[in-house]
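Student: I am new to this structure. Could you walk me through its features, one by one?

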Amino acid sequence: MSANIRALAMPYCLDLQPCGRYALLNRNYKPVGFSSRSFVYYEEYPVLFNVRITPKRAAAISLKGDPDPRRIILYNDGCIPTADSETWLFYQAKLAILAGLHHYSDDEYHEQDKAKRIRLANLRDAKRFTEPKGVAVSLPPNLSPR
């Protein structure tokens, strides 16, 4: 497969997964850096992030200011974020917000509780948005409150 490195290595969207983590995806809806045309099960790879994205933060990151945290698009389908300086600066502002987010690891004992709380909060926020976007927002059994 031939593709511009931009389409593979630059974030296009964040996609909330049923577990409450986010997948950072490239233009081909693959994890950033993946070049495969095959279907990718995100949960099979270490590509999911425990980051807290509130509707307000989703709106700040989203291309159109959309507060829906289920799928956050950073640039338009027909847009190339590197096409001109104005578009690039707009995209850079979105990346700056994204770069400031903190990922809490499930592997670090002292971060496990925080990571779980973040996933639950992300799923609770997602329930507020009713338009289907392909993400189941019911809490998985292992994340249900005690």
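Student: Which residues does Ile53 touch?

Tutor: Contact means heavy atoms within 4.5 Å. Leaving out residues up to four places away in sequence, Ile53 touches Leu14, Tyr22, Ala58, Pro69, Ile72, Leu101, Asn122 and Asp125. This is a predicted model: local features need pLDDT of at least 70, side-chain atom pairs count only at pLDDT 80 or more, and totals for chains, interfaces and linings use all residues. Residues are numbered from 1 along each chain as its sequence is written, and side-chain values use heavy atoms, with hydrogens and water left out.

Student: Which members of the largest nonpolar core touch the most other members?

Tutor: In soluble globular proteins, nonpolar side chains tend to be buried together. A nonpolar core is a set of buried Ala, Val, Leu, Ile, Met, Phe, Trp, Tyr and Cys residues joined through side-chain atoms within 4.5 Å. Buried means under 20% relative accessible area, exposed over 50%, partly exposed in between (1.4 Å probe, protein chains only). Here the largest core has 26 residues, and Leu14 and Ile53 touch the most other members. Strand S2 (22–25) is one of the elements giving two or more residues. S2 gives the largest share, four residues. Helices (H or I, at least four residues) and strands (E, at least two) are DSSP runs, numbered from the N terminus.

Student: How many aromatic pairs are there?

Tutor: Rings of Phe, Tyr and Trp (its six-membered ring) pair if their centres lie within 6.5 Å; planes under 30 degrees apart count as stacked, over 60 as edge-to-face and the rest as tilted. The structure holds six such pairs. Tyr12 is buried, at 2% relative accessible area, while Tyr29 is partly exposed, at 30%.

Student: How many salt bridges does the structure hold?

Tutor: A salt bridge is a side-chain nitrogen of Lys or Arg within 4 Å of a carboxyl oxygen of Asp or Glu. The structure holds six. Asp125 meets Arg52 in one, at 2.8 Å from N to O. That pair joins helix H4 to the loop between S3 and H2, 73 residues apart. Asp125 also bridges to Arg128, with the closest N and O atoms 3.7 Å apart.

Student: Is Asp125 buried or exposed?

Tutor: Asp125 has 10% relative accessibility, so it counts as buried. Arg128, at 57%, counts as exposed.
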